[in-house]
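Terms are given with their cut-offs where they come up.

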Amino acid sequence: MTHIKIKWNNVRKSFVQYVRNGSIWMIILIILFVSIGFFTTAKPAYRLSSSLLTSWTSQINGSTFLYLLGMENQQFLDAYPSDVEPIQWNDFMFELATNIKPNDVRSLLGRELPGFYAFDRKIIIAAEGTDYTNLPIESSSPLDVVLEERDATMDEEIPKNEQTEEEQSEQTTEGEKVVFVYNTHNRESFLPNLEGVDDPNNAFHDEVNITKVSDRLAESLEAKGIGAQVDHTDFMSVLNQNGWEYWQSYEASKPIVEEALAGNSQIQYVFDLHRDSRRKDDTTATIDGETYAKLFFVIGSDYSGNEENVALATKLHEQLEAKYPGLSRGVTEQGGAGRNGVYNQNLADNAILIEVGGVDNTMTELYRSADALAEVFSSYYWDANALEVSEDAN
């Protein structure tokens with residue numbers, strides 16, 4: 001009898017343990033089910049977005065991940081940069097937890113001062129006079145202001161493209177359109193051309209705008225033998241038709257870029273030309289007694305593999321500095337909260353956004369800069385093409 005009682009107690013204990021373990025697993029499954037339901041049905045504002053992850057991990061140096069992998073596989077440590085100090089875990093955990101970098105005061109003030117996020121950008125190359133206080137400002141007027149009808153004139157004497165017949169026939173892409181040019185903010189205009197308009201926030205027009213500069217750039221490229229395809233889609237009308245807001249401009253222009261790339265496999269470079277909202281002092285250069293609209297190269301940081309685009313912008317800046325000192329303001333990388341951070345540059349290699357001048361620049365200044373950019377880019381293009389041909393021959 002005692003033996004049966006002991007056996008029964010063992011069975012009862014096993015059953016209780018089974019029920020307890022089963023309950024724990026059931027609770028875990030319920031928590032998992034609820035968590036998945038929350039993350040898949042929560043409003044976008046409460047989701048763990050890629051931009052949030054990008055912002056959270058942007059403070060971590062890439063070599064840190066290499067170091068962590070090396071803790072599991074020693075071969076990764078062989079690739080760890082010799083000029084980078086080993087991780088100090090106290091500093092690393094402090095920065096990760098607080099998002100504060102002791103060597104960058106912006107990380108301390110960024111969340112405390114309203115509007116300070118505008119300075120939380122990365123300058124890859126700063127030309128003389130360029131700093132965090134005068135980086136490009138993207139237009140942000142309401143769509144109804146952008147679409148408003150205004151009077152505009154182009155009565156100034158536009159400089160002609162001074163290319164000789166010999167220069168035009170030396171090299172050519174033989175009809176192939178290898179450069180695609182478009183304008184996401186196609187109605188960005190210039191105060192000198194707008195009658196009775198002096199507010200930079202109202203510098204928009206449906207015809208006299210940044211698209212004129214794209215046409216001039218394409219014309220100058222063609223004169224250098226480089227075929228260029230220019231898109232003239234009115235993306236502001238697309239926004240209006242779809243009921244979208246101005247900040248969704250890149251969603252409107254994305255299909256056009258995709259269509260151009262799909263329809264022309266010869267496209268090697270994609271340029272999105274914009275007009276900066278900064279004033280004349282920041283956007284104008286005087287070179288050999290003539291005024292030019294300054295250029296600024298903008299690369300998005302919220303997509304992987306932007307290194308080629310950064311390299312292209314860097315080379316163009318350097319060659320502009322050599323040929324036209326002061327014309328380029330530099331190269332900046334933008335992304336994070338409040339910005340697009342991609343700018344359709346994930347669709348192709350060698351895709352960059354170029355700010356050409358500002359609201360106060362004249363068409364004469366803008367066209368001079370378009371000609372200068374075409375001249376420098378053509379040198380870069382033919383050098384790169386010759387190098388590619390040489391490598392193929394070998």
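## A strand residue and its surroundings

Ala 293 lies in strand S6, which covers residues 290–293; strands (E, at least two residues) and helices (H or I, at least four residues) are DSSP runs numbered from the N terminus. The model is a predicted one, in which local features need pLDDT of at least 70 and side-chain atom pairs count only at pLDDT 80 or more, while totals for chains, interfaces and linings use all residues. Residues are numbered from 1 along each chain as its sequence is written, and side-chain values use heavy atoms, with hydrogens and water left out.

With a relative accessibility of 0%, Ala 293 counts as buried, where buried means under 20% relative accessible area, exposed over 50%, and partly exposed in between, with a 1.4 Å probe and protein chains only. Ala 293 and Glu 355 are 62 residues apart in sequence, and their C-alpha atoms are 9.5 Å apart in space. If neighbours within four places in sequence are left aside, the residues in contact with Ala 293 (heavy atoms within 4.5 Å) include Thr 283, Leu 327, Gly 357, Asn 361 and Ser 369.

Asn 361 is found in the loop between strand S9 (351–356) and helix H13 (363–393), and Asn 361 is also buried, at a relative accessible area of 0%. The side chain of Asn 361 makes polar contacts with the side chain of Thr 284 at 3.0 Å and with that of Glu 365 at 2.9 Å. A polar contact is a pair of N or O atoms within 3.5 Å; within protein, one must be able to donate a hydrogen and the other to accept it, and residues adjacent in sequence count only if both atoms are side-chain atoms.

## Nonpolar cores and a surface patch

The largest nonpolar core has 48 residues, of which Val 179, Phe 271 and Phe 377 touch the most other members; H13 supplies the largest share of this core, with 12 residues. A core of this kind is a set of buried Ala, Val, Leu, Ile, Met, Phe, Trp, Tyr and Cys residues joined through side-chain atoms within 4.5 Å. A second, separate core of 17 residues includes Val 146, Met 236, Ala 260 and Ile 267.

On the surface, Met 26, Ile 30, Phe 33 and Val 34 form a nonpolar patch with about 450 Å² of accessible area together. Patches are made of residues with over 30% relative accessible area and no salt bridge, like charges being joined within 9 Å and nonpolar side chains (Val, Leu, Ile, Met, Phe, Trp, Tyr) within 5 Å; the areas come from the Shrake-Rupley method with a 1.4 Å probe, and for residues only the protein chains shown count as cover. Met 26 lies in helix H1 (residues 2–41) and is partly exposed at 49%.

## Salt bridges

The structure holds 9 salt bridges, each a side-chain nitrogen of Lys or Arg within 4 Å of a carboxyl oxygen of Asp or Glu.

Glu 375 is partly exposed, at 22% relative accessibility.
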